Amino acid sequence: MDKLWWNHITKAHKFMKDIVRTAVEGKSILLSLPENVPWRNTLVELVEDQLKLENPKNSFEIISGPEEEAGLYLLNRFCSEERRTSYRYGMTYASFLGQCEDTVLNDRYIWVTDVPESKYDEWLNFIMEYSKSVTNKTPAIFILEIHKESFAQNAKKGLKKIIFSQNIGAYDKFAFCALAATENNCKDYLRPYLAELVSTLCREDVELCAECVHMGNQFLEDPIPVIHHIQEEKYRSDGKSYEFSKTDEEIKKLIWETQLKHVFPAIEKYRSYFIKKYYDVIGSALPISNSYGELVDKPEDVEIGTLLYLAGNGTIPVNPNEYSELEQYRNSRNKLAHLNILESHAVDFILKRQIPN
């Protein structure tokens, strides 16, 4: 699923490629990622592989945010003892390292991660001053990973900002669910509904979406215990537990909204099909009052409850199977209209039926 997300979802792939392109152009990056970024390690691996292809001269290194000052840490790590002794107090570490031509800090892509929020400004200021101080060499290119979007949005100019939420939206997460659902063993006619339901409930966390899609029919049967099971038994790719803040009532409301969006149109399509099939018979029974007491004089305006009434009193000549089918559609329509969610077997019944256009 990780490669499906980063390689086959257009905007996610472009996000990864933007990091690579910017670094290859010699620009350091302020990279804003959410805490639950999908398959972060895969993103880092893909960026590293692409950078090696684009510029094999530079090496790639990951630094986990040190406790000591950014400049001092880099001086001690990337400069020889002899070079370190040439450093003179009064000169900033950024300026000194920017001017050094014989340090292994040069010709490197350095991804800085796990930086405490209290040190964001320190690292940002170091990278900007270092870049301005570079002379007569190919400098290190930094990718500074942070997890506070507001900091990236408000940061002063100087680094290229690449912000996850500004590049990837709800539709991209739905597209992932739709593609992931094609690899699931649930019935073909249920896959679009599965993708819609998962992306509606879990779109804040793409890895959670992947877990839910994988559960397929169990998720469609009852999403709530499936989500609770994932929270209790599964772990994200970074080893952390899944977090899901929605209450059961909020989940039920979102299930209803998804059914209203995805199942209700199928009910209306059946109503239109039924009216076309018995148009003349229905027309001969009009005018008739609807459930609101309004007079209906056109067949296409007859509600599904009225159609069931006309079928039940023999006005519309249906067989027992057709009457039962119409009744199931009417019952499902009424449930949705009264803010109730449909059971999985009702959804299956409605979506399975191929209504002619």
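**Overall shape**

The model is predicted. The chain holds 20 helices and seven strands. Its radius of gyration is 30 Å, well over the 21 Å that the globule rule gives for 357 residues, so the chain is more spread out than a compact globule. Along the principal axes, the C-alpha atoms fill a box of roughly 100 × 40 × 35 Å.

Buried residues account for 48% of the 357 residues. The accessible surface comes to about 18100 Å². Carbon and sulfur atoms own 48% of that surface. Take the contacts between residues at least 6 apart in sequence: 70% of them join residues at least 24 apart.

One pair gives a sense of scale. Glu54 and Glu294 are 240 residues apart in sequence, and their C-alpha atoms are 70 Å apart in space. Glu54 lies in helix 3, residues 40-54. With a relative accessible area of 48%, Glu54 is partly exposed, because exposed requires over 50%. Leaving out residues up to four places away in sequence, Glu54 touches Val20 and Val24.

**Nonpolar cores**

The largest nonpolar core has 89 residues. Trp5, Trp6, Phe15, Val47, Phe176 and Phe219 have the most contacts inside it. Apart from that core lies another, of 35 residues, among them Ile63, Ala70, Leu105 and Leu124.

What does Trp5 touch, not counting residues up to four places away in sequence? The list is Ala12, Pro38, Trp39, Phe164, Ile168, Asp172, Lys173, Phe176 and Val206. Trp5, Trp6, Phe15, Trp39, Phe164 and Phe176 form one aromatic cluster.

**Aromatic pairs**

Across the whole structure, a search finds 16 aromatic pairs. One of them joins Trp123 and Phe126 and is edge-to-face, with 6.5 Å centre to centre and 75 degrees between the planes. Both residues lie in helix 7, three residues apart, about one turn of the helix. Trp123 and Phe126 are both buried. Tyr270 and Phe274 form a tilted pair, with 6.2 Å centre to centre and 40 degrees between the planes. The angle falls between the limits of 30 and 60 degrees, so the pair counts as neither stacked nor edge-to-face.

Tyr270 and Phe274 are four residues apart in helix 16, residues 264-277, so about one helical turn separates them. An α-helix has 3.6 residues a turn, so residues three or four places apart point the same way. Tyr270 is buried, at 0% relative accessible area. Phe274 is buried too, at 0% relative accessibility.

**Helix packing**

Helix 4 spans residues 70-78. Its buried residues are Ala70, Gly71, Tyr73, Leu74, Leu75 and Phe78. They pack against strand 2 (59-64), helix 5 (81-85), helix 6 (93-99), strand 3 (108-113), helix 7 (120-133) and strand 4 (141-146). Ala70 also belongs to the core of 35 residues.

Which residues of helix 14 (residues 223-233) are buried? They are Pro223, Ile224, Val226, Ile227 and Ile230. Because they cover an arc of only 170 degrees around the axis, they sit on the same side of helix 14. Their cover includes helix 11 (191-202), helix 12 (206-215), helix 13 (217-221) and helix 15 (248-262).

Where is Pro287 placed? Pro287 is in the loop between helix 17 (279-284) and strand 6 (288-289).

Technical notes
Residues are numbered from 1 along each chain as its sequence is written. This is a predicted model: local features need pLDDT of at least 70, side-chain atom pairs count only at pLDDT 80 or more; totals for chains, interfaces and linings use all residues. Side-chain values use heavy atoms; hydrogens and water are left out. Buried means under 20% relative accessible area, exposed over 50%, partly exposed in between (1.4 Å probe, protein chains only). Helices (H or I, at least four residues) and strands (E, at least two) are DSSP runs, numbered from the N terminus. Contact means heavy atoms within 4.5 Å. Rings of Phe, Tyr and Trp (its six-membered ring) pair if their centres lie within 6.5 Å; planes under 30 degrees apart count as stacked, over 60 as edge-to-face and the rest as tilted. A nonpolar core is a set of buried Ala, Val, Leu, Ile, Met, Phe, Trp, Tyr and Cys residues joined through side-chain atoms within 4.5 Å. The radius of gyration is taken over C-alpha atoms; the globule rule is 2.2 Å times the number of residues to the power 0.38. Accessible areas come from the Shrake-Rupley method with a 1.4 Å probe; for residues, only the protein chains shown count as cover. The arc is that of the directions from the helix axis to the C-beta atoms.
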